[in-house]
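This report walks through one structure, from its core to its loops. Please keep the sequence and the 3D view at hand while reading.

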Amino acid sequence: MTQLELKGHLPSPIINAENEPFWKAAQEDRFILKFCKACSQYHYYPRTICPHCGSDNTEWKESSGDGHIYSYTVMRRGVEHPFAMAYITLSEGIKVLSHITDSDVDQLKIGQAVKLVFKPTQDGQKVALFKVVT
Ligand SMILES: [Zn+2]
């Protein structure tokens, strides 16, 4: 068993005018997604212009934070602690690239249920990670 726990060493995100609401919400443990009112689809990462249809008629909606592992990889070589990057399919139907934390890296499986958890980066900005639902 190799317990994953990411903390402190995650690089901080670059915050700009387009993604500032996303990072402010993360500081409040809320994971918000962009939803396009023109084509009724979510997208990620957050953008002002919908990547599906090109509309700027988008709004923020809060995610349930529930999902499952679509795919993952575990990094073990050349790093101080093993870590797992994963594509998570959210219950909203879109995929998010993130990390798995607070979980047994040797027990990860495609299709496993995960839920959102926030962890601070180097400068204190929280980022959305996922942990296995047990
Ligand atoms: Zn759209």
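A salt bridge here is a side-chain nitrogen of Lys or Arg within 4 Å of a carboxyl oxygen of Asp or Glu. R30 and E62 meet that definition, with their closest N and O atoms 3.6 Å apart. The model is a predicted one. R30 sits in the loop between α1 and β2, while E62 belongs to strand β4 (residues 58-62), so this pair ties together parts that are 32 residues apart in sequence. R30 has a relative accessible area of 30% and is partly exposed. E62, at 46% relative accessibility, is partly exposed too. Through shared partners, salt bridges join E28, R30 and E62 into one network.

A search of the whole structure finds six salt bridges. Another of them links K126 with D29, where the closest N and O atoms are 3.1 Å apart. K126 lies in strand β10 and D29 in the loop between α1 and β2, so the contact ties together parts that are 97 residues apart in sequence. K126 is partly exposed at 24% relative accessibility. D29 is partly exposed at 43%.

## D102 and its partner

D102 forms a salt bridge with K119, at 3.1 Å from N to O. D102 is placed in the loop between β7 and β8 (103-104), and K119 in strand β9, so the pair ties together parts that are 17 residues apart in sequence. Are these two residues buried or partly exposed? D102 is partly exposed, with a relative accessible area of 24%. K119 is buried, at 13%.

D102 has a positive phi of about 50 degrees, although it is not a glycine.

## The nonpolar core

In soluble globular proteins, nonpolar side chains tend to be buried together. The largest nonpolar core here has 29 residues. Which members touch the most others? They are F31, I88, L90, I100, L108, V114 and F130. Several elements each supply at least two residues of this core: α1 (20-27), β2 (32-36), β6 (83-90), β7 (95-100), β9 (113-120) and β10 (126-132). Strand β10 gives the most, with five residues.

F31 shows how this packing looks at one site. Leaving aside neighbours within four places in sequence, F31 is in contact with F22, Y44, K61, E62, S63, L90, V96, L116, F118 and A128. That list includes E62, the salt-bridge partner of R30.

## The largest pocket

The largest pocket has a volume of about 380 Å³. Of the 18 residues that line this pocket, W23, L97, S98, V127 and A128 are the closest to its centre. Which elements give two or more residues to the lining? They are α1, β7 and β10.

## Loops on either side of β3

The peptide bond from Y44 to Y45 is cis, with omega near 10 degrees. Y45 lies in the loop between β3 (41-43) and β4.

S40 has a positive phi of about 55 degrees, yet it is not a glycine. The residue is found in the loop between β2 and β3. H52 lies in the loop between β3 and β4. From C-alpha to C-alpha, H52 and S40 are 9.8 Å apart in space, and they are 12 residues apart in sequence.

What does H52 contact beyond its neighbours within four places in sequence? Its contacts are C39, Q41, Y42 and H43. H52 itself is partly exposed, with a relative accessible area of 44%.

Notes: Residues are numbered from 1 along each chain as its sequence is written. This is a predicted model: local features need pLDDT of at least 70, side-chain atom pairs count only at pLDDT 80 or more; totals for chains, interfaces and linings use all residues. Side-chain values use heavy atoms; hydrogens and water are left out. A nonpolar core is a set of buried Ala, Val, Leu, Ile, Met, Phe, Trp, Tyr and Cys residues joined through side-chain atoms within 4.5 Å. Buried means under 20% relative accessible area, exposed over 50%, partly exposed in between (1.4 Å probe, protein chains only). Helices (H or I, at least four residues) and strands (E, at least two) are DSSP runs, numbered from the N terminus. Contact means heavy atoms within 4.5 Å. On a 1 Å grid over the protein atoms alone, a cavity is a set of points where a 1.4 Å probe fits but cannot get out, and a pocket is an open set with protein on both sides within 12 Å along at least five of seven lines; lining residues have an atom within 4 Å of a point. Grid points are joined across faces, edges and corners, and a volume is the space filled by probe spheres set on the points.
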